[in-house]
Amino acid sequence: MSQAANADQLAAAERREARGLFLLCSPAVLMIAFVIFLPIGWLFTLSFMNEQGAFTFDHYTRMLHPAYTRSFQTTFELSFLVTAICAALGYPLAYLMSQVSTVWRAIIFVSVLFPFWTSLLVRTYAWLVLLQRRGVVNTWLQSSGIIDDPLRLVHNFTGTAIGMTHIMLPFMVLPLYAAMAAVDRDYVKAAASLGASPLKSFWQVFFPLTLPGLLAGTVLVFVLCLGFYVTPAVLGGGRVLMWSMSIERSVAVYSDWGAASALGVVLLVVTLAILWVMNRLFGVDRIIGGR
C-alpha cells in the first residue's frame with residue numbers, strides 16, 4: 001500500500017475520531033451554552049428596554065449618577081485591596097505548607113480548608129461578633145491597655161475588607177500551594193550549589209516558577225470579590241455599597257429589572273476587559289495551564 005493511501009486512511013480515521021468527540025461533547029456543550037449564554041443574552045436585551053418594552057439607553061446613562069459611580073469605585077477598590085492582602089498572606093502560608101513535614105502540612109491544610117466547611121453567613125456573623133464595639137477584639141485591646149476607646153472595626157470599609165479577606169484566602173492559597181508543590185527542588189539546590197544565597201535562589205529560581213499559581217489565585221480572588229454580596233451587606237452595615245448590592249436594590253426595592261440588567265452587563269464587560277488585559281500582560285492560557 002502506498003504512502004499516499006496510508007495518509008488518506010489516517011486522515012479519515014482522524015476525521016472520524018473528531019466527529020465522535022464532537023458528538024460525545026455536544027450535549028454538554030449545548031447545556032453549558034444554554035445555561036450561560038441564554039441568561040446573558042436575556043440580561044443584555046433587558047438592559048436596553050424600558051417598562052413599555054421600547055428601546056432605550058436610559059439604564060446606562062443613569063449610571064453616571066454619583067451613587068452608582070461611588071458603588072462602582074468601592075467595588076473595585078475593595079476587590080483590589082482584598083486580592084492584594086490575600087496574595088501577601090497567602091504566599092508565605094502556601095510556602096510554609098510546601099516546606100513543612102507531612103503532619104504539619106495536613107494541620108495547615110485543615111486550617112485553610114476549614115472555612116469551606118462552614119456557612120458563609122455564619123463566618124460573616126462570627127466576624128461581626130469579633131469586631132463590634134464590645135466584641136472580642138476591642139475588649140481584649142481595652143483590657144490590655146492598648147486602646148482607651150473601642151476601634152470602629154465593623155460597619156465600614158475596614159471590617160468588610162477583613163471579612164472578605166478571611167473568606168477569600170483559601171482561593172489564593174490552594175492554587176499557590178499546587179504551583180509550589182510542582183516545583184522541582186533540584187532547581188533550588190542547583191542554584192545553591194552554584195553559589196547563590198538562599199534569598200537569591202528563592203527570588204530568581206523558586207518565585208518565577210510559582211508565578212502561574214500566584215496569577216491564577218489573583219484572578220480567582222479578584223473575580224469572586226467583584227460579585228460579593230453577603231459579607232459587605234453584613235459587615236458594611238449599609239455604609240459600604242458594592243455593585244452587587246446596587247443590583248439587588250434595583251430589583252428588590254425598585255423592581256427595575258432594566259437597571260439591574262444594565263448594572264450586570266457593565267460589571268461583566270469591565271471584568272472581561274480586565275481579564276483581557278491580564279491575558280495580554282501575563283497570558284491566561286499559561287496561567288491556567290501552569291506552564
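**View 1. A patch of positive charge on the surface brings together Arg-133, Arg-134, Arg-152 and Arg-239.** The model is predicted: local features need pLDDT of at least 70, side-chain atom pairs count only at pLDDT 80 or more, and totals for chains, interfaces and linings use all residues. Residues are numbered from 1 along each chain as its sequence is written, and side-chain values use heavy atoms, with hydrogens and water left out. Patch members have over 30% relative accessible area and no salt bridge, and like charges are joined within 9 Å (nonpolar side chains, namely Val, Leu, Ile, Met, Phe, Trp and Tyr, within 5 Å). For Arg, the place of the charge is taken as CZ. Look for Arg-134 in the loop between α5 (120-131) and α6 (136-143); helices here are DSSP runs (H or I, at least four residues; strands are E, at least two), numbered from the N terminus. Arg-134 counts as exposed because its relative accessibility is 77% (exposed is over 50%, buried under 20%, partly exposed in between, with a 1.4 Å probe and protein chains only).

**View 2. His-155 has a positive phi in a residue other than glycine.** Its phi is near 60°. His-155 belongs to the loop between α6 and α7 (157-181). With a relative accessibility of 32%, His-155 counts as partly exposed.

**View 3. Ser-255 also pairs a loop position with a positive phi.** Here phi is near 50°, again in a residue other than glycine. The loop holding Ser-255 runs between α11 (243-252) and α12 (257-282). Ser-255 counts as exposed, at 55% relative accessibility.

**View 4. Ala-262 sits in helix α12.** Ala-262 has a relative accessible area of 0%, so it is buried. Arg-62 is 200 residues away along the chain, yet the C-alpha atoms of Ala-262 and Arg-62 are separated by 9.7 Å.

View 5. Residues 21-44 are 100% helix and 0% strand, with end C-alpha atoms 32 Å apart. Residues 161-184 are 88% helix and 0% strand, and their end C-alpha atoms lie 35 Å apart. The unreviewed entry also gives "domain: ABC transmembrane type-1" for residues 72-278. That span is 78% helix and 0% strand, with 20 Å between its end C-alpha atoms.

Conventions
Areas by Shrake-Rupley, 256 points an atom, 1.4 Å probe, with all protein chains shown as cover. Salt bridge = Lys/Arg side-chain N within 4 Å of Asp/Glu carboxyl O. Lys, Arg positive; Asp, Glu negative; His and termini not counted. UniProt positions renumbered as here; feature names shortened; annotations may be inferred.
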